[in-house]
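Visitor: I am new to this structure. Please show me how to read a few of its features.

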Amino acid sequence: MGKTVKKFETEVQQLLDLVIHSLYSNKEIFLRELISNASDAIDKIRFESHSNMELLEGNADWKIKLHADKEAGTLTIVDNGIGMSMDEVADNIGTIAKSGTRNFVAALKEQNATDNPELIGQFGVGFYASFMVADKVTLKTRKAGGKEYGCCWESTGDGSYTIEECEKEFRGTEITLHLKDDMKEFLEEWKIRSIVKKYSDYVQYPVVMDVTRSEPVKDQDGKVIEGGGTIENTAEETLNSMKAIWARPKSEITEEEYEEFYKHISHDYDKPLSTIHYSAEGVSEFKSIVYIPSHKPFDLFLRDHKKGVHLYVKRVYITDNCEALLPDYLRFVKGVVDSSDLPLNVSREILQEDVQIKRIQKNLVGKILSTLAEMKEKNPDDYLTFWAEFGPVIKEGIHFDYANKEKLQDLIIFESSKTDKGKFVSFKEYVERMPESQKEIYYITGVNRESVENSPYMEVFKKKDYEVLYLTDPVDEWVVQALHEYKEKHLKAIDRGDLELESEEEKKEKEAQKEEAQKEYGTLLSFIQETLKEKVKEVRLSSRLTESACCLVADEMGLNANMEKILKAMNQEVPEGKRILELNPDHPIMQVMTSMYEKDKGNAKLGDYCELLFDQALLTEGSPIKDPLRFTKLVSELMVTGGK
Ligand code: ADP
Ligand code: MG
């Protein structure tokens with residue numbers, strides 16, 4: 001097959017233009033990216049070779065080799081990893097398929113990133129980072145177990161690349177950067193040495209370079225010969241320590257090292273929010289470092305989100321997404337687990353069922369949840385950041401992780417009628433500050449703080465000065481259903497059923513008042529109910545309202561307005577349920593309607609008023625009314641008569 005010229009995807013080209021023209025100061029990260037790719041490629045062939053030794057072709061001396069050629073002005077990175085086939089090269093290096101770069105492109109579209117070169121540092125651009133320092137990049141690769149021929153890819157980053165078959169003796173990948181004129185410092189030994197130390201020290205495979213030293217000439221016994229001159233000696237030197245960071249004592253690891261390791265395994269370019277370095281001993285023995293990121297990936301709620309922690313067995317890489325190590329609701333956690341109990345030849349299928357893995361999971365989940373609890377106590381600001389990013393995912397846990405329900409319920413926080421906007425209260429704090437007279441935990445669900453704050457259901461709670469939790473995340477409906485109660489305090493929706501807010505005495509008094517009102521308004525209530533029978537299940541007097549004339553409430557078991565909205569948004573069938581219309585006995589409308597009714601039962605206006613009451617109730621809770629035209633017509637008529 002001859003040479004083919006192909007165009008980059010538009011998005012790749014946008015990215016490349018940005019990389020090439022950006023003023024981003026931290027250009028040295030290109031080397032970290034290439035070394036990390038080489039290390040990933042070696043990880044992959046090591047894993048594959050557990051089940052197919054032939055892939056190795058007798059070459060298992062794992063190594064990432066750097067070669068600086070000052071005359072040619074090139075820096076070459078060579079690995080003996082898995083390599084790529086022709087198709088893989090076109091797929092991996094010509095399109096934006098991977099999440100890190102997609103995140104970057106999304107951010108690019110949102111804000112003008114050319115004005116903000118630091119963005120590149122935040123997101124990283126993987127392989128494309130090469131173009132920050134090189135004006136031409138040549139990649140030669142041969143896939144393990146593949147054809148005899150390799151593949152050669154080349155580009156100057158200006159719209160297109162070429163791809164063709166080529167000779168390549170050894171398996172693996174070789175990337176040659178033709179450095180830009182002002183980037184020649186990356187050919188200097190000291191420079192390369194310091195970059196490797198800084199970013200890639202923990203990489204598991206030797207990163208080597210031929211280093212030439214001039215040494216004094218020595219005699220046979222190794223003694224320096226006086227006046228004998230010097231001789232150039234070239235030897236391969238390993239630049240990184242290769243120590244598995246998780247196996248080292250905590251006290252010896254610096255903040256920067258933890259951070260660099262996080263970036264290496266997570267492909268994130270921000271610092272993590274929290275680092276958990278943890279060794280378990282006893283029934284299950286493992287070492288781990290896991291991280292809580294400081295922001296969520298764009299695909300956290302998409303089905304193909306790649307979750308999982310890297311799994312090693314006795315320092316040997318097994319997989320970079322061992323899903324069974326963490327439950328779904330902790331899918332944002334990144335890190336490594338190195339187990340001493342699993343067999344080296346464990347297969348990915350077996351991992352799902354393995355009891356050792358289940359033990360590790362249990363242990364790790366406990367550790368993560370207690371770290372979060374501690375963060376909530378001691379670093380409330382960090383916890384708020386965490387909650388804003390991952391709160392909705394943690395709430396999923398309430399549903400799925402029954403064993404940890406107690407711990408999870410204490411991690412959940414909500415805004416409430418007693419917090420400012422953006423401030424939160426936990427169930428624990430809520431219960432602690434409940435007045436003695438209050439028996440239940442009250443909440444209201446809705447689309448946002450503003451809508452629930454001003455809803456008529458809140459009136460009586462404002463009067464009583466009881467705190468109401470604002471549940472404005474769609475998953476909250478499921479959270480309260482799954483929780484049901486907190487420390488034997490029932491969770492009660494304030495737009496459902498009877499509230500029973502009164503003390504025994506108040507209750508008696510209220511009953512008496514209600515009876516009185518019932519006598520006064522009983523026939524009117526039956527009339528309204530008859531008129532609205534297609535729309536409401538019942539009409540009754542309310543004890544929730546102090547200002548509004550009316551509201552709609554659901555049965556204890558029924559669907560409230562918010563749940564209806566959520567189900568509709570999910571395209572789910574919503575059962576046609578009728579709700580209860582509650583009227584405020586102290587509202588002047590009641591007297592007006594009663595006297596209209598007593599004067600003339602057949603007054604056509606009475607029917608209109610019933611409709612208006614019902615529509616008002618819908619509007620105040622933020623639901624659409626069926627016939628807005630008729631509603632406005634009635635209101636206009638009222639304005640005309642009222643104004644006369
Ligand atoms: P990422 O490493 O985040 O996936 P990169 O842009 O760094 O993104 O690399 C893109 C893809 O190209 C990799 O996922 C891998 O499939 C492939 N690749 C890059 N470098 C190598 C290499 N040295 N050996 C084999 N495959 C590689
Ligand atoms: Mg990479």
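Guide: Start with a term. Helices and strands are DSSP runs, numbered from the N terminus. Lys487 lies in the loop between strands S19 and S20 (489-493). Keep in mind that this is a predicted model.

Visitor: What is the phi of Lys487 near?

Guide: The general idea comes before the case. Most residues other than glycine have a negative phi. Lys487 has a phi near 45°, a positive value. His484 also has a positive phi, near 70°.

Visitor: Where is the place of His484?

Guide: Look at the loop between helix H15 (476-483) and strand S19 (485-486).

Visitor: Is His484 buried, partly exposed or exposed?

Guide: Buried means under 20% relative accessible area, and exposed means over 50%. His484 has 47% relative accessibility, so it counts as partly exposed.

Visitor: Is Lys395 buried or exposed?

Guide: Lys395 has a relative accessible area of 7%, so it is buried. Its place is in helix H10 (residues 380-400).

Visitor: Which residues does Lys395 touch, leaving out those up to four places away in sequence?

Guide: Among them are Trp387, Ile412 and Phe414. Lys395 also touches Asp473 and Asp476.

Visitor: Now the surface. Which residues gather in a patch of negative charge?

Guide: Glu511, Glu515, Glu516, Glu520 and Glu598 do. Helix H16 (residues 504-531) gives the largest share, 4 residues. Glu598 lies in helix H18 (residues 588-599).

Visitor: Why does Glu598 count as exposed?

Guide: Its relative accessibility is 62%, so Glu598 counts as exposed.

Definitions and conventions:
Residues numbered from 1 in each chain as written. Chains lettered and ligands numbered in written order. Predicted model: local features only at pLDDT ≥ 70, side-chain atom pairs only at ≥ 80, totals over all residues. Heavy atoms only, no water. Helix = DSSP H or I, 4+ residues; strand = E, 2+ residues; numbered from the N terminus. Buried < 20%, exposed > 50% of the residue type's maximum accessible area, 1.4 Å probe, protein only. Contact = heavy atoms within 4.5 Å. Patch = residues over 30% accessible without salt bridge, like charges linked within 9 Å, V, L, I, M, F, W, Y side chains within 5 Å. Areas by Shrake-Rupley, 256 points an atom, 1.4 Å probe, with all protein chains shown as cover. Salt bridge = Lys/Arg side-chain N within 4 Å of Asp/Glu carboxyl O. Lys, Arg positive; Asp, Glu negative; His and termini not counted. Charge placed at Lys NZ, Arg CZ, Asp CG, Glu CD.
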